[in-house]
Amino acid sequence: MRIVTDAGLRDELLQRMQRDQEVRLSLPKSGPEPEDLMEQWRSVDADNTTYLKQVIDEHGWPGYDLVGENGAQAAWLRAQHADHDLPFQQRCLALLHDAVDRGQAPPRNLAYLVDRVRVGEGRPQVYGTQYHAPDGVLQPRPIEEPERLDERRAEAGLGPHAAYDRSMRQQYG
């Protein structure tokens, strides 16, 4: 078990993650998204992005030793949901890559952020984690070298894409 060196920072990250998830889970599973909820979503994401920028400027990437495993997970989710600020997501990607190399964050989080950034850049994803629903049908966004997808996923600690695809379709399809 790792010792958390900044419990206050961890707690704030966890509270922000909880608010993020509350807003996202309040959206209807089907039909149009109410504009008031979408505005809350955008507001929460913008506020969390500003907060994570401050944390990174002060501490660097909040890894396991600083905020524990759940705090590091919450920090990653803040970056993952900063789609409105691609340059910041790109900065987080570099910092998270370094954190993974130092054993301060899980490789699976890096895989998800790699895909999120690549989709934001208009490039094919690498790990098949990002989905969309054009014409109302859930499907993965374009994937680079799909024949090697499960190999890359295994290297990142992710299960086979077929199982992930089934899970995504059950949850969101």
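Student: Which residues does Asn109 touch, not counting residues up to four places away in sequence?

Tutor: Asn109 touches Gln73, Trp76 and Leu96 once residues up to four places away in sequence are left out, where a contact means heavy atoms within 4.5 Å. Before going further, note that this is a predicted model, in which local features need pLDDT of at least 70 and side-chain atom pairs count only at pLDDT 80 or more, whereas totals for chains, interfaces and linings use all residues. Residues are numbered from 1 along each chain as its sequence is written, and side-chain values use heavy atoms, with hydrogens and water left out.

Student: What makes the rings of Trp76 and Tyr112 a pair, and of which kind?

Tutor: Rings of Phe, Tyr and Trp (its six-membered ring) pair if their centres lie within 6.5 Å, and planes under 30 degrees apart count as stacked, over 60 as edge-to-face and the rest as tilted. By this rule the count comes to three aromatic pairs. The rings of Trp76 and Tyr112 have centres 5.9 Å apart and planes at 75 degrees, so this pair is edge-to-face. Trp76 lies in helix 3 (residues 64–80) and Tyr112 in helix 5 (residues 107–120), so the pair ties together parts that are 36 residues apart in sequence. Both Trp76 and Tyr112 are buried.

Student: What makes Tyr131 and Tyr164 a pair, and where do they lie?

Tutor: Their ring centres are 5.9 Å apart and the planes stand at 65 degrees, so Tyr131 and Tyr164 are also an edge-to-face pair. Tyr131 lies in strand 1 (residues 131–132) and Tyr164 in helix 7 (residues 161–172), so the pair ties together parts that are 33 residues apart in sequence. Tyr131 counts as buried at 12% relative accessibility, and Tyr164 counts as buried at 14%. Ring pairs link Trp76, Tyr112, Tyr131 and Tyr164 into a cluster.

Student: How do you know whether Asp135 and Glu145 are buried, partly exposed or exposed?

Tutor: Asp135 has a relative accessible area of 80%, so this residue is exposed, while Glu145, with 36%, is partly exposed. Asp135 is found in the loop between strand 1 and strand 2 (139–140), and its phi is near 60 degrees, a positive value in a residue other than glycine. Glu145 lies in the loop between strand 2 and helix 6 (149–155), and its phi, near 40 degrees, is likewise a positive value in a residue other than glycine.

Student: Why is the chain called as compact as a globular protein of its length?

Tutor: The chain has seven helices and two strands, following the pattern α-α-α-α-α-β-β-α-α along the sequence. Its radius of gyration is 16 Å, close to the 16 Å that the globule rule gives for 173 residues, so the chain is as compact as a globular protein of that length; the radius is taken over C-alpha atoms, and the rule is 2.2 Å times the number of residues to the power 0.38.

Conventions. Helix = DSSP H or I, 4+ residues; strand = E, 2+ residues; numbered from the N terminus. Buried < 20%, exposed > 50% of the residue type's maximum accessible area, 1.4 Å probe, protein only.
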